[in-house]
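Trainee: Could you go through this model with me? I'd like to know what stands behind the labels.
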Amino acid sequence: MCGIVGYYGPREPKEVILKGLKSLEYRGYDSAGVAILDHGHFKRVRAEGKLGNLENKLSGEKFDGRLGIGHTRWATHGRPSERNAHPHCVGGVSIVHNGIIENYAELRERLIAQGAIFESETDSELIAHLLSEEVKVQGDLLKSVLSVLPKLQGAYSVVAVWENQADTMVAFKNGPPLVLGVGKDEMFMASDIQAIMPYTKKVVFLEDNDVAWICGSEFKIVGRDGSERNPPLTEMEWSPEQVQKGGYQHYMLKEIFEQPRAVAAAISPHIQLDSQTVRLHQVGFSGAAPHELTRLNPESDWATTEKVFSEVDKVMIVACGTSYYAGMIGKYLIERLARVPVEIDIASEFRYRHPILDSKSLTIVISQSGETADTLAALRLVRAAGGKVLSICNVRNSSIDRESDGHLYMNAGAEIGVASTKAFTATMALIHVLAVAIAKVKGAISKDAEKIEVQALLAAPSHLDTVLAFEKFFAQAAEILKSVKGFLYMGRGAHYPIALEGALKLKELAYMHAEGYAAGEMKHGPLALIDEKMVIVMLAPSDELYDKTVSNLEEAKARGGKVISLGTGDNKRLKDLSDHYLALPEAPQVIYPLIETIPLQLLAYHVANSLGHDVDQPRNLAKSVTVE
Ligand code: G6P
């Protein structure tokens, strides 16, 4: 994963790079470092752990140069330590790298045999070794990069600098994202536009195999063969959000509380309030790039979207992590409402299982960040086979957003907590709207039925608001819950993906053993886990599967498990079977998966918090996973 920043210009490079790294810390926080020109040489400062440690180390440092690079790391090769922190500096060349060099063992051995001395355990350091050898021969950083590139296998984005060319940065990529920012007399390179937007809105998104050469305030983009490419300079409309905790102890808690608003923002562009109907807005299947969507004519945009949906005979949903669970809900909704078969897969499995792709299937990829490497690879696989991709992203102009045929946005606002919360509920609501839209085009839903779905969705934000009140319960219960052996989350039908998501949240944040299970599967294994030290979280709102779910709860209770159940209203049967019963508000059945998500997020948040864990930045994880 990792976040990288490069800067050349009249501002203090230290300040620009630190601010940039701050906005990229979601990509990893195992260590951080900078290399900035000072008296003709790169001065390197690195620190293990979060960016704050580097900030402290840098507080008294001064640099007189105009050029610098910085990095925040998520460790792949080599444990988190200062020694393994980037930048890596060899013979006047400094580099920062995001990704994995797959043939590193072989390259490293060869370099060691030639006398190179490695100071870290990383795969990245060898790029600095290779370049430092090459600049001796070529006398030029760009030429050296072009010579070294054919030797590298794997996924990488790199920014390299050399002290003999004190106004030059060379960046190259194959896989993880890189953006070039063009300011007035200043230039930026970064993993994400967030690090650039405070200074300039003019950017070039690098494509794989591009090499960007920046010299003073000039730049050019060349291919691996050195031939010049003229990619478009994109003028961004987007302004960086000022993200603050707004009085909450953690971003995650704030994001949990933002969900009523996030869900409303996700669905409202696509719902016509007067007629209570659905019509997707700014999807852009006609070929508009994400930054051009606002200029679309709504009539012709909907007409092209209708055409795409009418030709579809199968939907595939591909995503990772929490986005995958939102996709599972999508399968239930699209199949129920549109009667179109839906296949769903984890992106890392999908991309290697030789999926059957044809032009009549629509692939929906879901990604909050829009940068998840496996999801991006799945998207490319589908498009290369001639299939259409509709993406659901939160981050606009991210790689997945830019490379898809159609675009839908979660509109959840910046999500900072590494464990996804509001992007999950926003996606569930949005995919519900999408399911209705496909159903309409397919003639599978009547006008009255459409209204019922729309009314249910419109009611969701206020029900989400109501269940936020469980905060107090979990704040108190956490003290007891943190010392149990483990958690089994169970549900049937559309509650099953929520059980999976609830268990994932607890694993991510509290580092406790938790499993999500389809309640009907319990007797095929998990029942053996149950004793009085095991907590069962049963999702049992009143719906057509309620009686069956309660039977499964009886079985679990009979084995001595401690039960927290979530049901509808004042439910005596569930109360009698549970140690704690949480009464969800009376609501349309179809939005219970949304509603019951919030208590599960609160449970994970409070247990983790009472264990003293860093809730916003759980150990070993990163928000944007740009390596496979
Ligand atoms: C990481 C994050 C998860 C997220 C997953 C997929 O694992 O920690 O919260 O669900 O990536 O990310 P995406 O950005 O593709 O939704």
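Predicted model: local features only at pLDDT ≥ 70, side-chain atom pairs only at ≥ 80, totals over all residues.

Mentor: Where do you want to start?

Trainee: With Ser157. Why is Ser157 called buried?

Mentor: Buried means under 20% relative accessible area. Ser157 has 0%, so the label applies.

Trainee: And where is Ser157 placed, and which residues does Ser157 touch?

Mentor: Ser157 belongs to strand 7, residues 154–162. Leaving aside residues up to four places away in sequence, Ser157 touches Ile4, Val96, His97, Asn98, Phe172, Lys173, Pro176, Pro177 and Leu178. A contact here means heavy atoms within 4.5 Å.

Trainee: On to helix 16. How do you know that the span of helix 16 agrees with its 16 residues?

Mentor: The expected span is 1.5 Å times one less than the number of residues. For helix 16, residues 495–510, that comes to 22 Å, and the end C-alpha atoms are 22 Å apart, so the two agree.

Trainee: What makes helix 16 mostly covered?

Mentor: The count does: 14 of its 16 residues are buried, each with under 20% relative accessible area.

Trainee: What comes just after helix 16?

Mentor: Tyr511, with a positive phi of about 55°.

Trainee: Now the pockets. How do you know that the largest pocket lies between domain 1 and domain 2?

Mentor: Look at who lines it. Domain 1 (3–241) and domain 2 (244–467) both give residues to the lining, so the largest pocket lies between them.

Trainee: What is the volume of the largest pocket, and which residues lie nearest its centre?

Mentor: About 1100 Å³. Of the 42 lining residues, Lys22, Ser23, Gln194, Val243 and Ile416 lie nearest the centre. Helix 1 (13–24) and helix 2 (51–58) are the elements giving two or more residues to that lining, and helix 1 gives the most, with four. By class, the lining has 15 nonpolar, 14 polar and 13 charged residues.

Trainee: What about the second largest pocket, and which residues are nearest its centre?

Mentor: The second largest pocket has a volume of about 560 Å³. Its lining has 26 residues, with Cys320, Gly321, Ala622, Lys623 and Val625 nearest the centre. Helix 9 gives the most, with three residues.

Trainee: And how does that lining split by class?

Mentor: Into eleven nonpolar, ten polar and five charged residues.

Conventions. Residues numbered from 1 in each chain as written. Heavy atoms only, no water. Buried < 20%, exposed > 50% of the residue type's maximum accessible area, 1.4 Å probe, protein only. 1 Å grid on protein atoms, 1.4 Å probe; cavity = no way out; pocket = protein on both sides within 12 Å on 5 of 7 lines; lining within 4 Å. Points joined across faces, edges and corners; volume = space filled by probe spheres on them. Nonpolar A, V, L, I, M, F, W, Y, C, P; charged D, E, K, R; others polar. Domains from an automatic or database assignment.
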